[in-house]
Amino acid sequence: MTAVAGSRISKKKSQKAISKLFWQKVAPPIAALAVFLVIWQLLCLNPSFKLPGPIETFQETWNPFIIHPFFDNGESDKGLGWQILNSLGRVGLGFSLAAIVGISLGIIIGANPLLFNAVDPLFQVLRTVPPLAWLPISLAAFQQANPSAIFVIFITSIWPIIINTTVGVQQIPQDYVNVARVLRLKGLKYFWKIVFPATVPYIFTGLRIGIGLSWLAIVAAEMLVGGVGIGSFIWDAYNTTTDTNLSEIILALIYVGLVGLLLDRIVGFIASKVVAEQK
């Protein structure tokens, strides 16, 4: 009887936990989304409001953009699935290069006060340059659209990675440094035992900011360099604007937002696991 009663109590607690999670985490965003869609639809009832409403957008993009996201009619006439995958490929390459270079430079600069004082003003100036301002420079340097877009991603996302990694190294507790001296830790041992555990939260903060900037940069860059990609899709649809194309643009923007959210959550999830292991 005791075991049965305990099982029932445990089951009730589990149900309460699930119910609490639903009302705190799931229900609020669903309600907010519903309110947003209702307001959007009501605004579209006004004849002077030229954008399609959510119902019209769904109807006009259902076939093929929603139901067949991976259709391929050749050249740039591809579904949004292919457009996003091409953009993600560029983001993956540019962001990976930025992460490698940014973390490495951040550690070197953070460990050397003289070098930090020398380059910090330069970095503070360069990080404020908008992503699209780098595009003419990259096109002149690479003479091709794809590497130019990758460079824009790289140069846009590298600054928060460098800066946060540098701050992390500078914030290493003096006790850690003293222990390293006593144990005579140098080189890779010093990095893995002292620097990395102390700076990993800062590194992932920079990576999380960087991945968001990467996705923003690629959409903007693709609008100008053309080819296959979600930014190019939006720009091409705008240049041949019809009522149907407006619905396609809105759907593409929704996809852009969802992918950006997914990228942020992936980096955040990895950070939670890595940081937890270092504690």
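Of the 279 residues of the chain, 37% are buried, a term applied to residues under 20% relative accessible area (1.4 Å probe, protein chains only). The structure is a predicted model, in which local features need pLDDT of at least 70, side-chain atom pairs count only at pLDDT 80 or more, and totals for chains, interfaces and linings use all residues. Residues are numbered from 1 along each chain as its sequence is written, and side-chain values use heavy atoms, with hydrogens and water left out.

The secondary structure consists of ten helices and zero strands, where helices (H or I, at least four residues) and strands (E, at least two) are DSSP runs numbered from the N terminus. The radius of gyration, taken over C-alpha atoms, is 24 Å, well over the 19 Å given for 279 residues by the globule rule, so the chain is more spread out than a compact globule. That rule is 2.2 Å times the number of residues to the power 0.38. Along its principal axes, the C-alpha trace spans about 80 × 75 × 35 Å.

Glu 222 lies in helix α8 (residues 187–225) and is buried, with a relative accessible area of 0%. Its side chain makes a polar contact with the side chain of Ser 87 (2.8 Å); such a contact is a pair of N or O atoms within 3.5 Å, of which, within protein, one must be able to donate a hydrogen and the other to accept it, and residues adjacent in sequence count only if both atoms are side-chain atoms. A polar atom of the Glu 222 side chain also lies 3.1 Å from the backbone nitrogen of Ile 230.

How values were computed:
Buried means under 20% relative accessible area, exposed over 50%, partly exposed in between (1.4 Å probe, protein chains only).
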